[in-house]
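Biologist: I have a model open and a list of labels for it. Please show it, and tell me what stands behind each label.

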Amino acid sequence: MSLSPATPFFMNFARKPSRNHSAHDWMEYLRESNGLGGILAKTEDLAKLKTKLHKALESLDLGHLSPKIEAGWRSGAQNELFLLVSSASIGTRLQQILPSLINELSNIGLSCKAIKIKVKPASPDWEVKPRQNPGNIRPKGLNEVAKQSWQDLLEKLPPDSDLREAVERLLQNKSK
């Protein structure tokens, strides 16, 4: 196909998508996406669960514990709530009010038959400290076996060798 100056030639280019996406547009994209939609739905469900749990704790005068509790449904059972708490004292306090908490959650519209409480394991402090034990201090010189090996090598080297001079310096500097 040849184009002459008299022949009009129009190209159909697709419109460029707008770069001014709002947050709502991205939320719709995430909902429609195969893998991300499920993750977003679970995240939204957990956020609603956290809000309802906070309301229930507030009505029991324990709202201050809400930031220290991670909530979720126990896998396999949709009506068994799982609470992960940051300390044993919070876990014990929640154990004491479990029946009231279950009733309060049902009043808010969240039905659960049971609540399991687990204490989150403490994260280890990975601080490396130098050893204070003087028995583990590395020797500063050569041990007897190493010194003897270097002496044997020195005897085998010619007197005018650069390697012989280096071994002599090593033995002088590393002697105890």
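**Labels and their cut-offs**

Modeller: S111 counts as exposed because its relative accessibility is 57%, and exposed means over 50% relative accessible area, buried under 20%, partly exposed in between (1.4 Å probe, protein chains only). This is a predicted model, where local features need pLDDT of at least 70, side-chain atom pairs count only at pLDDT 80 or more, and totals for chains, interfaces and linings use all residues. Residues are numbered from 1 along each chain as its sequence is written, and side-chain values use heavy atoms, with hydrogens and water left out.

Biologist: Where is S111, and which residues is it in contact with, leaving aside neighbours within four places in sequence?

Modeller: S111 sits in the loop between α4 and β3. Helices (H or I, at least four residues) and strands (E, at least two) are DSSP runs, numbered from the N terminus. Beyond neighbours within four places in sequence, S111 is in contact with W73 and N79. Contact means heavy atoms within 4.5 Å. N79 is 32 residues away along the chain, yet the C-alpha atoms of S111 and N79 are separated by 6.6 Å.

Biologist: What makes α5 and α6 roughly parallel or roughly antiparallel?

Modeller: The axes of α5 (residues 144-156) and α6 (residues 162-174) cross at roughly 155 degrees and come within 10 Å. Axes are lines fitted to C-alpha atoms, for helices over the stretch in contact, and angles run from 0 to 180 degrees between N-to-C directions. Under 35 degrees is roughly parallel, over 145 roughly antiparallel, 65 to 115 roughly perpendicular, and the rest oblique. So α5 and α6 are roughly antiparallel.

Biologist: Which residues of α5 and α6 make the contact?

Modeller: From α5 come K147, W150, Q151, L153, L154 and E155. From α6 come R164, V167, E168, L170 and L171. They divide into 6 nonpolar, 1 polar and 4 charged.

Biologist: What makes a set of residues a nonpolar core?

Modeller: The members are buried Ala, Val, Leu, Ile, Met, Phe, Trp, Tyr and Cys residues joined through side-chain atoms within 4.5 Å. The largest one has 22 residues, and L53, I69, L83, L94, L101, L105 and I115 touch the most other members. Elements giving two or more residues to this core are α2 (34-59), β1 (69-73), β2, α3 (88-96), α4 (98-108) and β3 (114-119). Apart from it lies another core, of 5 residues, including L142, L157, V167 and L171.

Key:
Ala, Val, Leu, Ile, Met, Phe, Trp, Tyr, Cys and Pro count as nonpolar, Asp, Glu, Lys and Arg as charged, and the others, Gly among them, as polar.
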